[in-house]
Amino acid sequence: INKFEEASEELYKSGWKSQFLSGLIHPVTNFISNVGYVAVAILGGYFAIQGKITVGNIQSFIQYNKQFTQPINQIAQVSGMLQAMVAAAERVFEFLEEPEEIKTIANPKSTKEIKGNVQFEHVHFGYDEDKIIINDFNADIKAGQKIAIVGPTGAGKTTIVKLLMRFYDSGAILLDGTNIKKFDRGKLRQVFGMVLQDTWLFNGTVKDNIKYGKEDATDTEIIEAAKAAHVHHFIKTLPKGYDALIDEESSNISAGQKQLLTIARVILTDPKILILDEATSSIDTRTEQQIQSAMDNLMKGRTSFIIAHRLSTIKNADLILVMDQGDIVEQGTHEELLKKNGAYAKLYNSQFEEN
């Protein structure tokens with residue numbers, strides 16, 4: 001609360017100064033313009049009485065004064081835009097000055113024969129050097145296993161996934177025994193299919209959104225993927241079906257339907273490894289039950305990483321990794337972890353009691 005109040009106070013002072021100064025610029029420029037007009041009129045009248053200049057000369061000087069002050073007034077009117085432009089330019093140059101991603105080796109390994117075995121060996125990572133999120137992460141995951149990663153907020157669950165996809169490089173992460181740094185980044189990321197908590201759809205047709213990850217997909221493949229995600233019936237109710245347009249904000253479909261469309265998109269790409277980050281968070285209980293069987297079918301034969309807060313959705317996982325403060329504090333199946341009566345049991349029982 002104190003931090004929020006400090007930030008609010010700073011924002012208030014900055015906003016007040018900004019509004020005051022921007023509101024002051026226009027009257028000041030008008031005042032200067034009028035002072036010049038009055039000075040020309042008084043001095044011109046005085047010289048005209050003395051016969052040194054004519055009334056026409058006074059009119060000319062008044063016109064000169066207007067021509068001189070007009071550009072100044074125009075600059076004053078766009079001063080706010082100029083300041084916003086400078087601020088935006090600072091952000092652009094800050095982005096451009098960021099160090100480039102480390103290039104992959106000259107002869108990257110092929111990802112065509114990837115099976116899905118994943119090993120984490122002493123992974124140590126922090127977004128800031130003085131704030132380490134993952135201390136010493138070790139895990140050995142076999143191809144086709146369904147791995148659930150659970151833990152409190154800030155435990156490092158999503159960070160593990162980011163490291164796996166090489167958004168950041170840290171420690172040794174092996175894919176089928178090969179360090180992921182030896183793969184081309186673009187090819188490596190094609191191995192993964194992701195369904196995130198925050199859905200993302202673009203301005204286009206339903207069909208284009210589903211086949212975003214596989215642009216050469218046929219209509220039959222798109223329809224099969226939609227049926228597997230239990231979204232085909234909904235699409236058929238739209239005025240133009242698969243050719244229905246989704247607006248830029250996706251405001252013409254519900255949050256659950258957005259999530260189903262993104263799941264259909266992943267089903268279509270047929271990835272080797274799945275990453276589900278709270279994939280059913282925006283779906284109601286009934287829809288979640290409908291899609292669970294489809295998700296189970298999708299995960300057969302594929303290595304799957306499931307980040308979940310609702311522990312009821314990961315009971316049938318082959319291995320559950322319980323994370324806390326960047327380390328695996330427990331691992332095992334649902335039944336094994338409940339018998340231990342440790343961190344996982346406390347998390348599970350707290351949710352059960354709340355429900």
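A: Let's start with Arg265, whose side chain reaches the backbone oxygen of Trp200 at 3.2 Å. Please keep in mind throughout that this is a predicted model. Arg265 sits in helix α9, and because its relative accessibility is 11%, Arg265 counts as buried. Setting aside neighbours within four places in sequence, Arg265 is in contact with Trp200, Leu201, Asn209, Ile210, Tyr212 and Gly213.

The C-alpha atoms of Arg265 and Ile222 are separated by 8.4 Å, although the two residues are 43 residues apart along the chain. Ile222 belongs to helix α7 (residues 219-228), where Ile222, Ala225 and Ala226 are buried. Looking down the axis of α7, you would find its buried residues within an arc of 100°, so they line one face of the helix. And what lies over them? The cover for the buried residues of α7 includes α6, α8 (232-237) and α9 (255-269). Just after α7 comes His230, which takes a positive phi of about 60°.

One of those covering helices, α6 (residues 206-210), holds Lys207. With Asp219, the side chain of Lys207 makes a polar contact, side chain to side chain, at 3.5 Å. With Asp243, the side chain of Lys207 meets in a salt bridge (3.9 Å, N to O). That pair links distant parts of the chain: Lys207 is in helix α6, while Asp243 is in the loop between α8 and β8 (245-246), 36 residues apart. Asp243 counts as partly exposed, at 44% relative accessibility. Taken together, Lys207, Asp219 and Asp243 are linked in a network of salt bridges.

The side chains of Arg302 and Asp270 meet in a salt bridge (1.8 Å, N to O). Arg302 lies in the loop between α10 (285-299) and β10 (303-307), and Asp270 lies in the loop between α9 and β9 (273-277), so this pair ties together parts that are 32 residues apart in sequence.

For contrast, here is a charged pair elsewhere in the chain. Asp140 forms a salt bridge with Lys142, and their closest N and O atoms are 3.5 Å apart. Asp140 is partly exposed at 43% relative accessible area, and Lys142 is partly exposed at 45%. The side chain of Asp140 also makes a polar contact with the side chain of Gln119 (3.4 Å). Gln119 is in strand β1 (residues 118-125) and counts as buried, at 16% relative accessibility.

Finally, let's step back to the whole protein. It has 12 helices and 12 strands, and the structure holds five salt bridges. Buried residues make up 37% of its 355 residues. Among contacts in the protein with a separation of 6 or more, 68% come from residues 24 or more positions apart.

Definitions and conventions
Residues are numbered from 1 along each chain as its sequence is written. This is a predicted model: local features need pLDDT of at least 70, side-chain atom pairs count only at pLDDT 80 or more; totals for chains, interfaces and linings use all residues. Side-chain values use heavy atoms; hydrogens and water are left out. Helices (H or I, at least four residues) and strands (E, at least two) are DSSP runs, numbered from the N terminus. A polar contact is a pair of N or O atoms within 3.5 Å; within protein, one must be able to donate a hydrogen and the other to accept it, and residues adjacent in sequence count only if both atoms are side-chain atoms. Buried means under 20% relative accessible area, exposed over 50%, partly exposed in between (1.4 Å probe, protein chains only). The arc is that of the directions from the helix axis to the C-beta atoms. Contact means heavy atoms within 4.5 Å. A salt bridge is a side-chain nitrogen of Lys or Arg within 4 Å of a carboxyl oxygen of Asp or Glu.
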